[in-house]
Amino acid sequence: MTQDDKLPLLEQELAALEPEARLLEPDARQRAEWMAQLQRETDAFIGGLEGGKAYRKAGPMGGVLESLRQIPGPVPLDEVLAELREGMLNRGLNPASGGHLAYIPGGGIFAGAMGDFLAAVYNQYAGVYYGGPGAVKIENELLRWLCRMMAYPAGSLGNLTSGGSVANLIALVTAREAHGLQAADLSQSCIYLTAQVHHCVHKAIRIAGLSSVRIRTIPTDSHFRMDPEALQTQVAQDRATGFHPFLAVASAGTTDTGSIDPMDAIADCCGSNGMWFHVDAAYGGFFALSRLSYPNGKMVRDAYRGISRSDSVAIDPHKGLFLPYGLGAVLIRDVASQYKAHYYRAAYMQDAFAAQEELSPADLSPEMTKHFRGLRLWLPLRLYGLAPFVANLDEKILLCRYFYHRVQAMGFVTGPYPDTSICIFRWAPPGQDADAATQALLDRVVDDGRVFLSSTTLDGQFWIRLAVLSFRTHLSTIKTCLDVLQNALTCSKI
Ligand SMILES: *Cc1c(COP(=O)(O)O)cnc(C)c1O
């Protein structure tokens, strides 16, 4: 066959494939039908949250599991949705419920979902400015807004990440490169943190190849905040030994108790010792917007002021701005060091190098092609402004304080007065095994399922945690939680 003879054959083959390939582009009628079904589904889901369970123990999956295993379709959308309801939504934690008061509660505001939906339909390329200047501009402006919130200087930037873990990782890799740490330096270098630091920081240390660095666990005070004098002493001792104090990691809202480390004192120590100062504000960062004060008259936001002196911050809009899972941010004061640690060059990207009005997210993170995740934050902020977000944040702090006072009145022992929106408490009547009694109580709460609480161990003691951060948690939810606890106490006869 000659070259010319092949072309008609190719055309025939293409003509045979095209109708099936085009099925992936539904027509307007099909789209309308699906959208209507999705609307019914989301209405029913959101409508069922109030009064529904926050946690359901996973029973046997039976046939439902089979349907979740199956890939080959086609199956009509209403059947698929029913499979998801039965196989996925009916078991385990319901993070969309306001009764989710465990771990760090999630969000999922509808306007965020709309942003995700549009981002997926538009499918703008938010990795490289040359390809998606508008999308990159939106993401970088969001980062500048977050930097201003932390009172970082103009010119700081960062990256929108999938969450706090990747944000912390990017910060640690940037710190490593900014300090020019080579393999031979590691065993002489020191990282300072507390036992309250989130486990993802240890994970980031390992992934960043820093496992052989000396980790100094600095003691905490009675509020589980880093003791800055102990930090100062340890750093001085390490310097005297000839070690290289390299990095301090503080928490602005620890996961266990919501405690905020003393930012200014840690910044002083880092500044005078040439150390990188990183703040993990993944959970608590947005309380910097709070208008509330503490009983001692100090403003909540004052506890965050010293963050302006840090080198990097991790902050999670999918926690403190109530967005669906999948949006964190890292903020970096000296973006040049972030760029040096993450940029790339490749021949097939040569067209992109010319256009550099904005730094590209692909040069500031391990990702290249990425979800245009900024739209889920940008759209709600445009639709609502900031006010309802700040109202939610203040409401969460006050709900936590309300709970703190009410459980004390019920006879529970509480931890320190909450810095943010997490309260720890335990049942410790004299003469009883308090750990066992508190565990038994938590089991009953989880069995009830109307609210979901989790536990932690602090200084060897078992504590229940209440973490308020869902935009669907209001006073009635906390009252339900107190009822559930009261019932559990009565039933347990403890
Ligand atoms: C949630 C959390 C993280 C981890 O963030 P992800 O978004 O889950 O990856 C890190 N630090 C703190 C303090 C957190 O609360």
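Two strands count as paired when DSSP finds at least two bridges between them. Helices (H or I, at least four residues) and strands (E, at least two) are DSSP runs, numbered from the N terminus. The views below show a predicted model, in which local features need pLDDT of at least 70 and side-chain atom pairs pLDDT 80 or more, while totals for chains, interfaces and linings use all residues. Residues are numbered from 1 along each chain as its sequence is written, and side-chain values use heavy atoms, leaving out hydrogens and water.

**View A. Strand β11 and its two partners.** Let's start with β11 (residues 422-426), which pairs antiparallel with β13 (residues 461-467) through 4 bridges. Here Cys 423 stands opposite Leu 466 of β13. Strand β10 (residues 413-414) is also antiparallel to β11, joined by 2 bridges, and Val 413 has Arg 426 as its bridge partner.

**View B. The two faces of β11.** In a regular strand, side chains alternate between the two faces of the sheet. Ile 422, Ile 424 and Arg 426 point one way from β11, and Cys 423 and Phe 425 point the other way. Buried means under 20% relative accessible area, exposed over 50%, and partly exposed in between (1.4 Å probe, protein chains only). With 5 of its 5 residues buried, β11 is largely enclosed by the rest of the structure.

**View C. An open sheet of 7 strands.** Follow the order β3-β9-β8-β7-β6-β4-β5 across this sheet, where the pairing is mixed. β3 (157-161) and β5 (214-217) stand at the edges with a single partner strand each, so one side of each has no neighbour in the sheet. From one strand to the next, the twist averages 15°.

**View D. A nonpolar surface patch.** Met 35, Leu 38, Phe 117, Val 121 and Tyr 122 make a nonpolar patch of about 490 Å². Patches are made of residues with over 30% relative accessible area and no salt bridge, with nonpolar side chains (Val, Leu, Ile, Met, Phe, Trp, Tyr) joined within 5 Å and like charges within 9 Å. A salt bridge is a side-chain nitrogen of Lys or Arg within 4 Å of a carboxyl oxygen of Asp or Glu. Accessible areas come from the Shrake-Rupley method with a 1.4 Å probe. Helix α5 (110-122) and helix α2 (28-47) each supply at least two residues, and α5 gives the most, with 3. Phe 117, in α5, is partly exposed at 39% relative accessible area.

Technical notes
Axes are lines fitted to C-alpha atoms, for helices over the stretch in contact, and angles run from 0 to 180 degrees between N-to-C directions.
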